[in-house]
Amino acid sequence: MTIWTPRLTESDAPLYQRIADALERDLGSGVLLAGSRLPTHRELARQLGVTAVTITRAYAEAAKRGLVETTTGRGSFVRNVRRETAAGVPEELDLATNLLRFPLPPLAQATMQRMAHALVTASYEPPGGSERHRAAGASWLGAPSEASRVIVTAGAQQAMFLSLAALTRAGDTVLTESVTYHGLRWLASLLHLRLEAIPMDRYGLMPDAIRRTKAKVVYTTPSLQNPTGTVLPEKRRRELAALAEQRGLTIVEDDVYGFLLDTPPPSIRSFAPERTILLTGTGKSLAPALRTGFALAPEALLPKMHAALRASSLFTSPALAEVAVTWMEDGTAARIIEQKRAEITLRNRLARRLLGNRVAAGDPRSPHLWVEVPRRWNGDSFTEEARRRKVLVASGSTFAVDDDALPRHVRICLGAATSVAEMEKALHILTAIDEERAEGPVV
């Protein structure tokens with residue numbers, strides 16, 4: 001629930017109208033964001049010292065203005081006041097962007113002051129970030145005693161870049177899941193690396209397949225893998241760590257979605273700390289604009305990673321890192337994560353109910369679903385048909401490592417829609433495509 005206390009103006013208008021006016025004003029100024037869950041009638045009435053009937057009338061007035069929608073059993077939410085194109089056609093519904101678009105708490109004054117102080121006083125940061133920021137990153141990654149091995153980065157993507165830049169040379173092979181995060185494909189192209197697919201099943205990557213390769217680097221997202229949403233069981237994590245020790249592999253373990261698991265399996269790094277780089281970012285867990293990440297690396301790799309950091313950006317913005325770290329320290333981050341866990345679990349459950357057996361195996365806490373398309377479509381053609389109907393999804397070909405084995409799937413992201421109602425509307429459009437019957441395959 002969003003903490004919102006309306007600032008009421010003095011006027012002769014009825015109180016319920018002034019409350020609706022305040023809601024409209026705060027939505028326009030950004031104090032309230034689309035998708036925010038409003039206080040309950042009883043809670044807001046208590047805050048303002050009025051009756052619940054007054055709040056009911058205020059919310060009804062706001063709904064009449066198109067500002068609020070109410071879902072039985074869930075409460076009242078700020079609507080997305082969607083712009084329209086010149087032709088009056090609604091903009092596209094986004095299920096393609098892997099974003100957890102939920103309201104953030106307003107920046108506390110203390111946080112703003114510390115951010116401003118960081119902007120004014122910061123000079124060139126030491127390698128890997130300040131001692132305090134590295135310590136916070138170590139705790140965030142579950143290794144509070146290993147701050148000296150942490151590098152503060154401009155998000156998880158840069159942490160990936162530093163890792164691969166330190167571990168590989170042009171022409172090397174990197175192993176990864178048969179469908180993987182497309183950002184890895186960008187990096188492989190930039191660094192002139194070859195990606196080799198590791199077969200997957202409903203539990204994630206299959207470690208035994210690694211025995212047949214000569215590659216020395218593995219990139220994996222074991223918790224809520226992108227795009228399939230699988231969580232690699234502890235047994236396979238141990239197997240992968242053992243293979244790394246036996247064969248001299250280095251594992252790049254991307255834990256960017258691990259925060260959504262309240263009781264995650266142990267990290268791969270916990271079984272092979274000298275053979276694993278563990279990385280994460282705050283883009284998914286807190287806010288994309290923070291662009292702060294952390295990489296926890298073996299001691300021997302730190303010089304090369306520091307060199308790659310200096311070559312690419314010198315250092316990470318201490319002002320952005322200051323916001324992220326302050327939120328970690330004062331409990332704001334924990335509250336944001338608690339909200340996101342609850343919302344994603346709810347959206348996942350509702351989406352699975354609508355999509356049924358079209359959803360491939362994946363964890364019910366995943367922010368994205370791996371959905372098989374109807375037989376007359378492939379991933380690309382289904383994506384284009386969905387776009388024609390104003391719904392954006394990501395084709396399975398975007399994530400395929402082997403271009404000769406393209407999956408007949410699309411990835412559906414659950415967090416990009418500004419409300420549950422918007423997500424459900426988009427999913428109904430997709431299921432209508434699924435249910436249609438036509439002669440012959442789509443070319």
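Colleague: Which residues does Ile251 touch, not counting residues up to four places away in sequence?

Modeller: Contact means heavy atoms within 4.5 Å. Ile251 touches Val218, Thr220, Leu240, Ala241, Ala244, Ile268, Arg275, Thr276 and Ile277, leaving out residues up to four places away in sequence. This is a predicted model, where local features need pLDDT of at least 70, side-chain atom pairs count only at pLDDT 80 or more, and totals for chains, interfaces and linings use all residues. Residues are numbered from 1 along each chain as its sequence is written, and side-chain values use heavy atoms, with hydrogens and water left out.

Colleague: How far apart are Ile251 and Ile268 in sequence and in space?

Modeller: They are 17 residues apart in sequence, and their C-alpha atoms are 8.4 Å apart in space. Ile251 is found in strand E10 (residues 250–254). Helices (H or I, at least four residues) and strands (E, at least two) are DSSP runs, numbered from the N terminus.

Colleague: Is Ile251 buried or exposed?

Modeller: Buried means under 20% relative accessible area, exposed over 50%, and partly exposed in between, with a 1.4 Å probe and protein chains only. Ile251 has a relative accessible area of 0%, so this residue is buried.

Colleague: How many residues of helix H6 are buried?

Modeller: The count is 9 of its 12 residues, so H6 is mostly covered. Among the buried ones are Met160, Phe161, Leu162 and Leu164.

Colleague: How is the packing of two helices described?

Modeller: Two packed helices are described by the angle between their axes and the distance between the axes. Axes are lines fitted to C-alpha atoms, for helices over the stretch in contact, and angles run from 0 to 180 degrees between N-to-C directions. Angles under 35 degrees count as roughly parallel, over 145 as roughly antiparallel, 65 to 115 as roughly perpendicular and the rest as oblique. The axes of H6 and helix H7 (residues 182–191) cross at roughly 40° and come within 11 Å. H6 and H7 are therefore oblique to each other.

Colleague: Which residues of H6 and H7 make the contact?

Modeller: H6 contributes Gln157, Met160, Phe161, Leu164 and Ala165, while H7 contributes Gly183, Leu184, Trp186, Leu187, Leu190 and Leu191.

Colleague: At what angle do helix H10 and helix H11 pack?

Modeller: H10 (residues 318–330) and H11 (residues 332–355) pack at about 85°, with their axes 4 Å apart. That angle makes H10 roughly perpendicular to H11. The contact is made by Trp327, Met328 and Asp330 of H10 with Thr332, Ala333, Arg335 and Ile336 of H11.
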